[in-house]
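Reader: Hi, could you walk me through this one? I'd like to begin with what the terms mean.
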Amino acid sequence: MKLEDGVQTVIMLSMGVAAGAVSFTHVHDATVAAGQPSWVGWVNAVTIELMVIALGLEVRRRRRNGGHKVKSVMAMMMFFIALSLGAQVLDAEPTVVGWLAASASALGFLTLVKVVLSRPAEAQPAESPVASFAESDWRESAPVASSDPIDVPSLQTERSAVAAEPAQPDWANAFANLGNGDR
């Protein structure tokens with residue numbers, strides 16, 4: 001599958017560059033034909049084409065996060081797609097074949113992007129039994145501590161051995177109190 005993904009990515013990038021060049025040129029030429037300076041044509045081309053991409057990514061993000069107000073963003077994206085396609089068919093032969101020929105690169109790229117972005121998520125590998133062990137599972141199976149005291153004879157022996165050792169001098173307090181007792 002990795003090879004297929006790589007090939008598809010190369011195809012999509014190639015189509016994107018080609019369709020982008022055609023779309024940019026048509027939007028630029030339509031803007032200039034409408035009486036605007038050349039630099040305005042390039043700004044319009046960048047704006048229209050990048051709005052389609054940005055809005056498409058926003059639709060995807062919103063769908064991933066619960067689908068909040070996706071329709072309004074889709075409507076804006078369709079508006080910018082219509083502007084781009086309108087510029088592409090503006091100088092085409094006024095027939096269906098002419099319009100399809102003029103917009104084929106953009107339509108092909110949009111179709112491929114739609115297919116790739118609407119692809120279902122790949123199945124995640126199954127979790128290991130350790131990773132799927134829920135907190136509630138271990139709480140339910142954990143032993144319950146008893147409140148009854150436990151008499152352990154070895155602890156009694158250690159306590160008496162510790163009590164039998166002589167106390168060590170507290171040197172820190174001895175130095176801190178040095179000279180306080182002479183007054």
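Predicted model: local features only at pLDDT ≥ 70, side-chain atom pairs only at ≥ 80, totals over all residues.
Author: Happy to. Buried means under 20% relative accessible area, exposed means over 50%, and partly exposed is in between (1.4 Å probe, protein chains only). By that scale Arg-62 is partly exposed, with a relative accessible area of 25%.

Reader: Thanks! Which partner does Arg-62 meet in a salt bridge?
Author: Glu-58, at 2.8 Å from N to O. A salt bridge here is a side-chain nitrogen of Lys or Arg within 4 Å of a carboxyl oxygen of Asp or Glu. Both residues lie in helix H2, four residues apart, about one turn of the helix. Salt bridges with shared partners join Glu-58, Arg-61 and Arg-62 into one network.

Reader: And how far apart are the closest N and O atoms of Arg-61 and Glu-58?
Author: They are 2.5 Å apart. Arg-61 is partly exposed at 41% relative accessibility, and Glu-58 is partly exposed at 22%.

Reader: Switching topic: how many helices and strands are in the protein chain?
Author: Seven helices and zero strands. Those are DSSP runs numbered from the N terminus (helices: H or I, at least four residues; strands: E, at least two).

Reader: And what share of its residues count as buried?
Author: Of the 183 residues, 18% do.

Notes
Residues numbered from 1 in each chain as written. Heavy atoms only, no water.
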